[in-house]
Amino acid sequence: MQCLKIEGGFPLQGEIPVHGAKNSALPLLAAAVLCREEVIFHNCPGLSDVAAACRILEQLGCRIRREGSTIAVDPSAIGNHWVPDHLMREMRSSVVFLGSVAARLGEASLCFPGGCELGARPIDLHLMGLRALGMEITEQERHIYARVPNGLRGARIHLRFPSVGATENILLAAVLAEGETVIENAAREPEIGDLAAFLNCCGAKIRGAGSGTLMVEGVPRLHGCSYTVMPDRIEAATWLCCGASAGGEILVSGARPEHLESLLPLLERMGCRLRLDAAGIRLQAPERLSGCGEVVTSPYPGFPTDMQAVLMACACSAEGESSFEETIFENRFRHSAEFEKMGARIQVEGMKARVYGVRSLQGADVTATDLRGGAAMAALALRAEGSTIIRDIRHIDRGYECLERDLSLLGASIRRVNEEEIKS
Ligand code: UD1
């Protein structure tokens with residue numbers, strides 16, 4: 001198994017790029033199924049989840065061409081409506097294929113990828129919305145079978161919670177439904193805006209992205225187009241927090257400040273100086289950070305659950321206390337026990353964590369608990385004196401193209417090693 005080895009305690013300096021957004025690329029690839037002609041996606045991140053989505057598309061009968069960060073999907077020969085279990089399990093968000101495959105082919109058969117490290121991940125809202133559009137869906141032993149016996153019809157759908165995945169799934173089906181669909185309390189995340197913009201490029205008629213109410217006028221077919229995936233705001237946040245945690249001065253190039261409005265004031269409150277310009281976001285860290293106060297995760301435009309762990313890494317060495325309340329996923333503080341191995345002082349009670357900043361942290365042998373928690377361990381390790389080993393980095397590889405390559409651009413001492421190399 002591979003690990004990351006990090007020598008910490010040195011400030012960072014330099015420029016680091018932001019790649020295309022994972023959480024945008026996945027629904028965009030699922031959306032390609034709806035089109036009748038080739039679609040070309042630029043700026044796709046080179047991630048294992050993206051590769052898994054491409055394998056699902058191939059299984060469905062799409063032809064894929066990949067060149068660097070460009071992926072061309074030709075869906076004209078699509079014919080299979082089922083996805084084998086092993087492909088579904090490779091990527092937890094694969095359920096987003098349900099809406100598009102059933103809308104395009106009239107049926108879809110796939111298995112539910114199940115709960116994940118963050119907790120149970122129900123899909124009741126996805127199913128409720130798709131049923132409202134006219135899908136007949138049966139669930140059997142964690143397999144989902146969807147049929148569209150009488151065509152899809154627009155409907156008014158109210159989500160009791162603005163679920164990102166449910167909004168995407170319903171949107172994907174609604175674009176080809178007859179008549180108008182209104183999704184109330186829709187997720188407002190920028191990735192929903194990216195999906196809507198792509199679909200509109202292909203001839204869909206979607207209004208209201210970002211407002212919480214999506215209005216979709218169904219069209220009979222979608223054509224192809226060429227589209228550039230938006231930059232990854234979670235990756236941008238990770239780089240900013242690495243800079244804040246380790247100290248130094250960095251430029252996160254290509255980061256979009258308008259997607260980071262809940263994070264940037266917190267970094268400033270912690271003492272970082274930020275400069276926003278055409279190149280991206282420049283961060284200059286203070287000698288020592290101050291605590292970030294009370295942070296509560298919530299749906300966009302609130303503070304994202306995916307940025308909670310990396311910001312907590314910053315809070316660990318800050319002067320004073322910080323507190324975090326998680327309201328989205330029930331199991332999202334597992335990184336804190338690993339942080340404590342490096343000397344952090346954190347008290348977790350249910351969905352709340354209180355961080356008592358310490359002056360010094362030491363490198364340790366830790367294990368990535370999940371994708372963002374794993375990246376946060378790297379941010380903490382950059383601050384800690386001495387050597388840190390992060391094990392089980394397959395979680396990190398799901399969301400970062402090559403963490404060690406990118407952080408090395410900032411002068412970080414980080415490399416990928418085999419477990420055997422550590423023992424010897
Ligand atoms: C997406 C992101 C993930 C991010 C999350 C919240 C992708 C691939 N993943 O995940 O990185 O952390 O948004 O911003 O884009 N829920 C239900 N019923 C449902 C669906 C969701 O109760 O049918 C609940 C979930 O249990 C959870 C909350 O809603 O508590 C948020 O889930 P959701 O917004 O759907 O997140 P994902 O789309 O899975």
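Residues are numbered from 1 along each chain as its sequence is written, and side-chain values use heavy atoms, with hydrogens and water left out. Because the model is predicted, local features need pLDDT of at least 70 and side-chain atom pairs count only at pLDDT 80 or more, whereas totals for chains, interfaces and linings use all residues.

Helix 5 spans residues 124-132; helices (H or I, at least four residues) and strands (E, at least two) are DSSP runs numbered from the N terminus. Within helix 5, L125, H126, L127, G129 and L130 are buried, a term that denotes under 20% relative accessible area, with exposed meaning over 50% and partly exposed in between (1.4 Å probe, protein chains only). The cover of these buried residues includes helix 4 (97-105), strand 7 (136-140), strand 9 (156-158) and helix 6 (164-174), where contact means heavy atoms within 4.5 Å. After helix 5 comes G134, with a positive phi near 110°.

The ligand is surrounded by 18 residues, of which D124, L125, S163, D306 and I328 are the closest; a residue is counted if one of its heavy atoms lies within 4 Å of the ligand. Helix 5 supplies the largest share of this shell, three residues. The shell comprises seven nonpolar, six polar and five charged residues (Ala, Val, Leu, Ile, Met, Phe, Trp, Tyr, Cys and Pro count as nonpolar, Asp, Glu, Lys and Arg as charged, and the others, Gly among them, as polar). Oxygen atoms of the ligand lie 2.6 Å from an N or O atom in the side chain of S163, 2.8 Å from a backbone N or O atom of G165 and 2.6 Å from a polar side-chain atom of D306.

The model contains 24 salt bridges, each defined as a side-chain nitrogen of Lys or Arg within 4 Å of a carboxyl oxygen of Asp or Glu. One of them joins R65 to E38, with the closest N and O atoms 3.0 Å apart. Because R65 lies in strand 4 (residues 63-67) and E38 in the loop between helix 1 (22-31) and strand 3 (39-42), the pair ties together parts that are 27 residues apart in sequence. In another salt bridge, the closest N and O atoms of R394 and D392 are 2.7 Å apart; R394 is exposed, at 52% relative accessible area, whereas D392 is buried, at 16%. Salt bridges also link K22, D49 and R398 in a network.

Key: A polar contact is a pair of N or O atoms within 3.5 Å; within protein, one must be able to donate a hydrogen and the other to accept it, and residues adjacent in sequence count only if both atoms are side-chain atoms.
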